[in-house]
Amino acid sequence: MKEPVSDIDPAANLAAIRDELNKALEEASRPIDTVTINAVSKGHDGARIRPALEAGHRIYGENRVQEAMAKWPGLREEFADVELRLIGPLQTNKAKEAVAFFDVIETVDRPKIAKALAKEMDAQDRRPPVLIQINTGEEPQKGGVIPREAPAFIKACTGDYHLPVAGLMCIPPIDDAVAPHFALLRKMADAHDLKVCSMGMSGDYIAAAKLGATIVRIGSGVFGPRPAN
Ligand SMILES: *Cc1c(COP(=O)(O)O)cnc(C)c1O
């Protein structure tokens, strides 16, 4: 995963995104600095990530347990207060590593994975907060619990599995207008007294901020295009 030298400046990109987010928050009459940036570093090597770390950014997203475990231990030794968020689909056979390695798990979406995470959290006595992924577009190929099944699943996660549920996450369908999806996620989070809404990516984080995101997941907007692999 060695990347070609380029003129991409992740630190400058983060600063510009921060400004745009605050402008959007003002326009939506939300308090400024209430949206966190998850810099999605999947697909990029340490050399590309480092300038963001050196500029003080501490919150990063990865979509594969294996890739994150190969890439981050060294960087974490240097930058101890990094927060790593798992934003990709999780299989039960990776639950152990996910609980040990990640600080937040954003993609809890079915009883089997909820149960596996609960078991690992007990075994490791480590309880990283989790988000429930909602499949707001009800796309069959996509992860996430569908909206009408979400209330029962959220209740099971907190009540039966005692997972530290902090909020909800969604990835709207590629070809849809995003606003109804973001508005629905915020509404569902509020209905369950959940604060965190992880929504919005490089192409739509402004809309997400206006509609109540508390954290946006931005990859290419920070680090440039991902190298093909
Ligand atoms: C890759 C990814 C992102 C970032 O996508 P960009 O369009 O590069 O900002 C955000 N969320 C999830 C779940 C992803 O897998």
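**Salt bridges and burial**

Author: K71 is buried, with a relative accessible area of 11%. Buried denotes under 20% relative accessible area, exposed over 50%, and partly exposed the range in between (1.4 Å probe, protein chains only). The model is predicted: local features need pLDDT of at least 70, side-chain atom pairs count only at pLDDT 80 or more, and totals for chains, interfaces and linings use all residues. Residues are numbered from 1 along each chain as its sequence is written, and side-chain values use heavy atoms, with hydrogens and water left out.

Reader: With which residue does the side chain of K71 meet in a salt bridge?

Author: A salt bridge is a side-chain nitrogen of Lys or Arg within 4 Å of a carboxyl oxygen of Asp or Glu. Here K71 pairs with E62 at 2.9 Å, N to O. E62 is also buried, at 0% relative accessibility.

Reader: How many salt bridges does the structure hold?

Author: There are 15 salt bridges. Among them is R50 with E78, whose closest N and O atoms are 2.8 Å apart. This pair links distant parts of the chain, 28 residues apart: R50 is in helix 2 (residues 46–54) and E78 in helix 3 (residues 65–78). Helices (H or I, at least four residues) and strands (E, at least two) are DSSP runs, numbered from the N terminus. R50 is partly exposed at 27%, and E78 is partly exposed at 48%.

Reader: Which residues are linked in a network of salt bridges?

Author: R50, E54 and E78 are linked in such a network.

Reader: Is R148 buried or exposed?

Author: R148 is exposed, at 64%. R148 forms a salt bridge with E138, the closest N and O atoms being 3.8 Å apart.
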